[in-house]
Amino acid sequence: MVSPDKLGHFGEFGGRFVPETLMAVLLELECEFKKAMKDPSFKKEFAAYLQNFAGRPTNLYHAERLSKQLKALKVYLKREDLLHTGAHKINNTLGQIILARRMGKTRIIAETGAGQHGVATATVSALFGLKCVIYMGAEDVVRQALNVVRMRLMGATVVPVTSGSKTLKDAMNEAIRDWVTNVNDTFYIIGSVAGPHPYPMMVREFQKIIGQEARRQFLKAEGDLPDYLLACVGGGSNAMGLFHAFFNDKAVKMIGVEAAGHGLNTHAHSAAIGKGTPGILHGSKSALLQDTDGQVQIAHSIAAGLDYPGVGPEHYYYKTIGRADYVSVDDKEAIAGVKLLSRSEGIIPALESAHAVAYLSKLAKRVKGRKTVIVCLSGRGDKDMGTIKEVM
Ligand SMILES: *Cc1c(COP(=O)(O)O)cnc(C)c1O
């Protein structure tokens with residue numbers, strides 16, 4: 001299995017590019033995380049909350065009508081959309097908050113772009129009665145007003161960030177500033193397989209249950225492993241969560257789908273692997289959308305959760321060693337993906353997940369013979385009805 005080296009590198013990516021003041025707390029976090037993962041009582045508590053609060057295991061559903069339509073593909077959906085709060089993010093926030101309590105932390109902070117990670121963090125903070133502060137770009141506070149209501153309803157303080165572009169990367173900087181100031185009582189919950197070591201490894205460990213379940217469920221249903229795995233990639237946590245358990249199954253091909261937004265030859269996309277270059281964001285080295293001066297570019301996707309200019313370092317590593325392929329799907333194709341799954345199966349996917357669904361149509365044209373595929377349905381579409389209403 002792929003483990004990062006001692007300093008958190010996956011190949012040449014990852015690492016820990018942070019101010020000196022954060023080194024001690026990251027080392028402490030890494031040490032406590034490793035201890036927790038070896039402690040049966042931590043594993044038992046995490047597993048119990050995943051089952052009783054989040055709703056695991058999720059179904060692996062054979063999408064029969066969709067498969068018939070696609071002809072060349074037999075499609076199974078890993079139904080993370082059925083989890084409490086409607087997406088896979090709850091797996092990770094539960095893992096991190098249980099660790100935070102173990103470490104005696106009483107205050108939770110997080111940053112959020114679209115608000116989905118903020119909602120998942122506010123949810124688990126309410127569950128355990130911990131103080132919760134969410135940093136969110138002032139622009140995003142306006143654009144994602146309903147998620148702000150959700151967070152406040154569950155008792156979180158939402159702090160609008162008015163510096164810079166007033167979006168996710170500015171909220172990230174503000175959260176790091178808070179953490180530096182309040183390290184003693186505060187735990188910083190990062191929402192994807194990004195950030196400084198140990199976060200990419202830790203978030204993957206909390207999300208890898210997706211692939212572990214899917215592998216077992218698929219073997220039971222088909223008596224064999226799937227030919228393909230397909231998942232959308234923002235920061236990359238649902239994709240890595242699905243991929244990781246299959247790393248050593250060399251015959252299983254992995255495809256990560258990035259957001260091509262208005263198109264890869266515009267600047268309005270989020271394809272960090274497809275079009276980015278190596279750089280440092282959020283404390284680790286990975287593929288990044290940046291200009292020639294190294295300034296981070298503003299990403300775009302119709303799916304708010306994919307709207308991130310970087311990507312987790314382990315994905316960039318998978319790309320460089322050829323273990324996974326990364327493709328992209330634009331805004332229009334994603335909408336077509338929403339319609340395709342809604343009409344063929346009666347399942348309305350999140351716009352993020354719809355990127356993976358949309359790629360099925362392209363994959364079906366590429367393969368020879370009939371192939372099997374697991375699609376990670378990372379979330380449900382309820383949150384996207386406003387956007388979808390506009391484009392329809
Ligand atoms: C946040 C989100 C994503 C993107 O995050 P990853 O870390 O790439 O998984 C994808 N799908 C849904 C439904 C989300 O909420």
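**Helix packing and local geometry**

Helix α1 (residues 20-38) packs with helix α9 (residues 199-207) at an angle of about 25 degrees, and their axes are 11 Å apart. Because angles under 35 degrees count as roughly parallel, α1 is roughly parallel to α9. The model is a predicted one.

**Contact of α1 with α9**

- The crossing of α1 and α9 is left-handed.
- On the α1 side, the contact is made by L26, L29, F33, K34 and M37.
- On the α9 side, Y199, M201, M202, E205 and F206 take part.
- By class, the residues of the contact of α1 with α9 comprise eight nonpolar, no polar and two charged.

**Contact of α2 with α4**

- The axes of α2 and α4 cross at roughly 140 degrees and come within 10 Å.
- Since only angles over 145 degrees count as roughly antiparallel, α2 is oblique to α4.
- The crossing of α2 and α4 is right-handed.
- From α2, the residues S41, F42, E45, F46, Y49, L50, F53 and A54 meet α4.
- Their counterparts in α4 are I90, N91, L94, G95, I98, L99, R101 and R102.
- The contact of α2 with α4 divides into ten nonpolar, three polar and three charged residues.

**Ligand surroundings**

- There are 17 residues around the ligand, of which K89, Q116, S192, G236 and S237 come nearest.
- The side chain of S192 has an N or O atom 2.6 Å from an oxygen atom of the ligand.
- A polar backbone atom of G236 is 2.7 Å from an oxygen atom of the ligand.
- For G235, a polar backbone atom is 3.2 Å from an oxygen atom of the ligand.

**Backbone geometry in loops**

- R56 and P57 are joined by a cis peptide bond, with omega near -5 degrees.
- P57 is located in the loop between α2 (40-54) and β3 (60-62).
- The peptide bond from H197 to P198 is also cis, and its omega is about 15 degrees.
- P198 is located in the loop between β8 (186-188) and α9.
- T85, a residue other than glycine, has a positive phi near 75 degrees.
- The loop that holds T85 runs between β4 (73-79) and α4 (89-102).

Conventions: Residues numbered from 1 in each chain as written. Predicted model: local features only at pLDDT ≥ 70, side-chain atom pairs only at ≥ 80, totals over all residues. Heavy atoms only, no water. Axes fitted to C-alpha atoms, helices over the stretch in contact; angles between N-to-C directions. Helix = DSSP H or I, 4+ residues; strand = E, 2+ residues; numbered from the N terminus. Parallel < 35°, antiparallel > 145°, perpendicular 65-115°, else oblique. Left-handed = near helix turned anticlockwise from the far one by under 90°. Contact = heavy atoms within 4.5 Å. Nonpolar A, V, L, I, M, F, W, Y, C, P; charged D, E, K, R; others polar. Near = heavy atom within 4 Å. Polar contact = N/O pair within 3.5 Å; in protein donor to acceptor, adjacent residues only side chain to side chain.
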